[in-house]
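Hello,

Here is the structure I promised to pass on to you. Have a look at it first, and then read my notes below.

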Amino acid sequence: MEAIAGGIGEDLAQQVIDGMPAGLLVVDAEGRVRSINSTMSAMLGIPDDALAGLPPLETLIPAAAPGERLAAALETARGTGAAQDGVVVPVDGHADGVRWFEFNIRRTRQAGDALLLLIGQDVTFRRQARLRLQESEEFFRLIFSQAAIGIALLSREGRFLRVNRKLSRIVGYTEIDLLQRFFHQITHPDELDEDKAQFARLVAGEERDFRRETRYRCQDGRTVWVALSASSMREAASGQLRLIVAVEDISRRKEAEEALLRMASHDALTGLPNRMLLQDRLDRAIAQAHRARRKVGVMFIDLDRFKHVNDSLGHEAGDRLIVEIARRLGGALRDSDTVARQGGDEFVVVLPDLGGPDDAALVAAKLLDSLFQPLPLCGQEVFPSGSIGIAMYPDDGGDSASLLKAADSAMYRAKTSGGNHYAFYAADLATKAEQHLRIENGLQRGLLRNEFVLHYQPQVDAASGRIVGVEALLRWQPEGGAMVAPDEFIPLAEETGLIVPIGEWVLEEALRQQARFARLTGGAPPRMSVNMSARQFREQDLAAKVERLLLDTGCAPSWLTLEITESMLMENTADVAAAMARLSSIGVHLAVDDFGTGYSSLANLKRFPIHCLKIDRSFVSDIAAGTGIDGDDAAIVKAVIALAQSMKLDVIAEGVESAAQLDFLGAHGCRRMQGYYFSRPVTAEKVEALLQEQEA
């Protein structure tokens, strides 16, 4: 400073010192401030007259007090002359809080006096920035190490440069093991190509980041599903490309998704594929067969007499049987085959890549043999069996819907063979099925459009020739079509359940007509016979319906006879017995139709309130002059008449068409008959005319 002051003058030297960007403070050997430039004054925030009296340094900078860091640095510089650089000390008392100054200290002399030069600068902002950086780095370190997801830093080649503990836990490798590997070494082989392609696009700059679900192979061989997020960055210092990846373990979510998917595509009871998955696999098998010019077999399997197991042993036993059947079917098939549960006791089998129908037949025979093995169930041994319908692609259909429909039709053909059989689809099955569907739809329309009519066949007292009864016979006259014979639609109505509403209409219409007959005959009409189906008798409110209709039409119960089949007596169910007892108690007569064609016992005739037996026309038809009078049918007729007489039951012979039959029946005590010999089934108006003629 002396050289400066001496060479260019004290005023100029002071101007240079005051213009310095750094603060300058001169301290003498006693620690008093001898000089300070304007920059330092501003830094310390002291007025211009603060140096009057040469104040001690510690009054301006408390860190210069004995024992403080700045005091120690001053003492070292004063004693040794060694430069003291980078001495950072806090200075309080500023409006914006504590400030941090960095001093470089030099020893010098002026006029023989030892002085210390303190060259300082305000490093508050730099220190705060460094602290924030340190805090940020520490924060990142904590996040990196404690994160709930796996995090890794990769080189552009995919080598692990840094990994956190969570990633190690996810894949089962130690951090050291991972740092010696590339990412593709832990990637599942099935995911490797896609993962490599994604990282290549990231390195090439085609993408800034990507996210996908992938699989990793753990150290112990397990496979783990992860959600992978990756992005690229460049290091500030080296400019090298780095890849940052975040890995989240989503195995539990995937397991839950797979469980939901399995629930949606598999049967809950058996674990077999359901209809949805069956459709997918059948479509795939068809597509593959089309490309390879091969065949696909589709089997529709329905268990025989499964309802009997449910009814006799309970639904739990039925479920156990279904589960065992599923196991047996699956065990008898190839891995490439599919067995699915269609619902209830129905299963579908898909046989891909077959050479022809003979292959399917071999499998069907194997399945039937597998099913028909003893199965202990609720203390009993049952022998399950099934009926199998087979359809072949492309012979019987070009898509899944047509093949399933064809196999279903073929199954019903196997069912008619008595069960425990298989049958292939034939074209006539489709024609028959379409005809059934057409008739079923027509029956439903017929109910709505009142297309049904009743004809009546008189029942005659052979001795007097008088009409003593009429049987109501259903006819169907579709709008704009020909009359449909009963044997063409009654069986289908029974099968579909339409016989119940149709039967209710028949009963109501017959009773309304009976009321008109009663008015014509002065309250003594011939007895009205109405055929009842087994389904109607199983209706819980049948007796109540009959009572209501009798009341609505004004008919006496004794004017009505309900005809039931012999097979209904064999069922012997509590519901049927209760309905018959109630009907008999109110005065309705009950007749057994087509008696002799079934296998009912005499015990059933005694148990139920039967009033009349009707001899089936098949026995009466052979009773003709010179043909069957001494045959088996004649013997059966005589036996039925004798049985009815012994049990005090009425007896009616159906199908009487000749005088010889009339004479034979009359000779053996059958007085009431019906058949073409007396009258064909006729309209109600014709019966009314006959009754009027009879009354006259």
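Which element gives the most to the lining of the largest pocket? The answer is β19, with 5 residues. Before more on that, two points on how to read everything here. This is a predicted model, in which local features need pLDDT of at least 70, side-chain atom pairs count only at pLDDT 80 or more, and totals for chains, interfaces and linings use all residues. Residues are numbered from 1 along each chain as its sequence is written, and side-chain values use heavy atoms, with hydrogens and water left out.

**The largest pocket**

The largest pocket holds about 1000 Å³ of space. It is lined by 36 residues, and the closest to its centre are Leu 473, Pro 486, Ile 490, Asn 531 and Asp 593. Two or more lining residues come from each of β19 (467-476), α17 (486-496), α18, β20, α19 (534-538), β21, α21 (566-571) and β22. By class, the lining of this pocket has 16 nonpolar, 8 polar and 12 charged residues.

Some terms, as used here. On a 1 Å grid over the protein atoms alone, a pocket is an open set of points with protein on both sides within 12 Å along at least five of seven lines, while a cavity is a set where a 1.4 Å probe fits but cannot get out; lining residues have an atom within 4 Å of a point. Grid points are joined across faces, edges and corners, and a volume is the space filled by probe spheres set on the points. Helices (H or I, at least four residues) and strands (E, at least two) are DSSP runs, numbered from the N terminus. Ala, Val, Leu, Ile, Met, Phe, Trp, Tyr, Cys and Pro count as nonpolar, Asp, Glu, Lys and Arg as charged, and the others, Gly among them, as polar.

**The cavities**

There are 2 cavities of 30 Å³ or more in the structure. The largest cavity has a volume of about 90 Å³. Its lining is made of 13 residues, with Arg 527, Thr 561, Cys 612, Ile 652 and Arg 672 nearest its centre. Strands β20 (527-531), β21 (560-565), β22 (589-595), β23 (612-615) and β24 (650-653) each give two or more residues to this lining, and the largest share, 3 residues, comes from β22. The lining of the largest cavity divides into 4 nonpolar, 4 polar and 5 charged residues.

The second largest cavity has a volume of about 40 Å³. Its lining divides into 9 nonpolar, no polar and no charged residues; among them are Leu 154, Phe 160, Tyr 216 and Val 247.

**Two helix pairs**

Helix α18 (residues 499-520) packs against helix α27 (residues 684-695) at an angle of about 20 degrees, with their axes 10 Å apart. Axes are lines fitted to C-alpha atoms, for helices over the stretch in contact, and angles run from 0 to 180 degrees between N-to-C directions. That angle makes α18 roughly parallel to α27 (under 35 degrees counts as roughly parallel, over 145 as roughly antiparallel, 65 to 115 as roughly perpendicular and the rest as oblique). In contact (heavy atoms within 4.5 Å), Gln 513, Arg 516, Phe 517 and Leu 520 of α18 meet residues of α27 including Val 687, Glu 688 and Leu 691.

The axes of helix α12 (residues 306-313) and helix α13 (residues 315-331) come within 6 Å and cross at roughly 140 degrees, and the two helices are therefore oblique to each other. Their contact has 6 nonpolar, 3 polar and no charged residues.

**Two backbone details**

Most residues other than glycine have a negative phi, and most peptide bonds are trans. Tyr 393 and Pro 394 are joined by a cis peptide bond, with omega about 0 degrees. Pro 394 sits in the loop between β16 (386-393) and α15 (400-416). Arg 293 has a positive phi, near 55 degrees, and lies in the loop between α11 (275-292) and β11 (295-303).

Best wishes
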